[in-house]
Structures are given as C-alpha cells and as structure tokens.
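Here is a short report on one protein model.

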Amino acid sequence: KHVLENCEEDMQFFAKFYDKGLKERLEKLVSQPFARVSYRDAIAYLQEEIAKDPSKWQFPEVEFGTDLATEHERWLAETKFNSAVFVYNYPKAIKAFYMRDNDDDGGETVNAMDLLVPGVGELVGGSQREERLDVLETKMAEQDLDPADYWWYLDLRRFGSVPHAGYGLGFERLVTYVCGIENIREAIAFPRYPGNAEF
C-alpha cells in the first residue's frame with residue numbers, strides 16, 4: 001500500500017519496462033482479503049487439478065507430506081484462489097524441529113504457515129515455536145540432533161519461555177513482486193558477474 005501511495009514515478013517506470021499490469025496487481029493485492037487454506041485441503045485441490053493432465057506438471061506426485069514446489073504454490077495463488085493465500089498446518093515431517101506440534105491432530109501437523117502470492121509463490125514463512133523444553137528435546141532426539149550443538153537454544157527454554165512465533169520474509173522476493181521483475185537475480189542488492197564469487 002505504501003508503494004502505491006508514495007512511489008507513483010517508480011510504479012510508472014516498472015509498468016513501462018517490466019510489468020504493464022503491475023499497478024493493477026498490487027491494487028488488487030491490497031484491496032481484497034487474503035485466502036486461507038489448510039495444507040491438507042491445498043494438497044486435495046492440487047491432486048484434483050493434476051489428475052486432469054499430469055503431463056503439464058514438472059512434479060505431478062503430490063500427497064500429504066509433499067513439500068510444495070514453486071509450481072504448486074503458484075497454481076494455488078494464481079489459479080485456484082487468484083489472490084494471496086495463507087497455507088497453514090503443514091506436516092510435521094517436512095518442517096523444522098522447533099515448530100510447535102498442533103495438539104488437535106495428535107502432532108501430525110505443526111502450527112506453521114506460508115504466504116503465497118501470484119507470480120512468486122512463497123513470500124513469507126512462519127510458525128509458532130515450541131516453548132516446552134521436554135517436547136523440544138524429544139523432537140530433537142527423533143531427528144538425531146545432538147543437544148550439545150543446540151545448548152544455547154535449549155537454554156532459551158530451560159530458563160523460562162512463553163508461547164511465541166516467528167516468521168521470515170524473502171526480501172528479494174518482495175522486491176521482485178512489488179517491482180514486477182521476473183528474475184529474482186535482478187532484485188539482489190549485490191552485483192553479480194562471472195568470477196566475483198569467492199566460494
């Protein structure tokens with residue numbers, strides 16, 4: 001919304017050289033509510049669509065526990081919902097150990113979400129964190145993680161914690177989306193040219 005209200009000159013530039021429908025797309029994003037769908041329902045929608053013609057998909061094998069590919073995320077945002085969409089309650093098996101299990105399904109899923117936007121796919125990912133030390137230690141043991149490597153993280157729970165959550169925003173993805181740029185490399189703030197990477 002800030003960009004639309006304060007960056008008219010920039011919007012005109014990006015519309016002229018990158019994406020002629022950029023302003024309308026951003027106006028639609030800020031004017032309509034975001035959709036919400038559980039991961040389980042998202043998988044069902046994808047299975048139904050893929051069954052129509054699996055050859056159109058690079059990754060046609062989708063089931064509960066599949067980590068969604070960009071093509072899946074974009075189909076949900078661009079075609080199924082035609083808006084930004086929050087996908088929530090991902091399977092525990094494909095998410096990080098520190099995400100809090102959902103109690104209402106016996107811990108099959110975690111209280112996590114991704115925000116998917118048309119043209120990009122995942123823009124934001126987040127989750128409620130596990131604040132219970134004993135549960136966190138059990139989850140680490142299930143994944144063969146050495147508690148000694150995470151002493152500092154465990155201490156955050158050992159000496160008291162509260163229910164809390166966190167998220168991450170893909171900054172370059174946000175710039176790509178807001179500016180209508182197709183390739184994320186063009187949104188990275190550091191110069192990229194052959195031979196400049198030391199690794």
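Contact here means heavy atoms within 4.5 Å. The model is predicted.

**A buried glutamate**

By that cut-off, Glu130 touches Tyr98, Met99, Arg100, Asp101, Val135, Leu136 and Arg157, leaving aside residues up to four places away in sequence. Glu130 sits in the loop between strand 4 (121-129) and helix 6 (133-142). Is Glu130 buried or exposed? Its relative accessibility is 0%, so Glu130 counts as buried. The cut-off for buried is under 20% relative accessible area.

**Salt bridges**

Side chains of opposite charge can pair when their charged atoms come close. How many salt bridges does the structure hold? The count is 14.

| Arg25 | Asp19 | 2.8 Å |

Arg40 lies in helix 4 (residues 39-52). Glu108 lies in the loop between strand 2 (85-91) and strand 3 (109-117). The pair therefore ties together parts that are 68 residues apart in sequence. Arg40 is partly exposed, at 40% relative accessible area. Glu108 is partly exposed too, at 39%.

Lys92 has 23% relative accessibility and counts as partly exposed. Asp101 has 12%, so Asp101 counts as buried. Salt bridges with shared partners join Lys92, Asp101, Lys139 and Glu142 into one network. Asp101 is also one of the residues that Glu130 touches.

**Helix 3 against helix 8**

Helix 3 (residues 22-31) packs with helix 8 (residues 171-179) at an angle of about 115°. Their axes are 8 Å apart. Helix 3 brings Leu22, Arg25, Leu26 and Leu29 to the contact, and helix 8 brings Tyr177, Val178 and Cys179. Six of these residues are nonpolar, one is charged and none is polar. Arg25 also forms the salt bridge with Asp19. Arg25 is partly exposed, with a relative accessible area of 22%.

**A nonpolar surface patch**

Which residues form a nonpolar patch on the surface? They are Phe13, Phe17 and Tyr18, with about 320 Å² of accessible area together. Tyr18 is in the loop between helix 2 (8-17) and helix 3. Tyr18 is partly exposed, at 37% relative accessible area.

How values were computed. Residues numbered from 1 in each chain as written. Predicted model: local features only at pLDDT ≥ 70, side-chain atom pairs only at ≥ 80, totals over all residues. Heavy atoms only, no water. Axes fitted to C-alpha atoms, helices over the stretch in contact; angles between N-to-C directions. Helix = DSSP H or I, 4+ residues; strand = E, 2+ residues; numbered from the N terminus. Nonpolar A, V, L, I, M, F, W, Y, C, P; charged D, E, K, R; others polar. Buried < 20%, exposed > 50% of the residue type's maximum accessible area, 1.4 Å probe, protein only. Patch = residues over 30% accessible without salt bridge, like charges linked within 9 Å, V, L, I, M, F, W, Y side chains within 5 Å. Areas by Shrake-Rupley, 256 points an atom, 1.4 Å probe, with all protein chains shown as cover. Salt bridge = Lys/Arg side-chain N within 4 Å of Asp/Glu carboxyl O.
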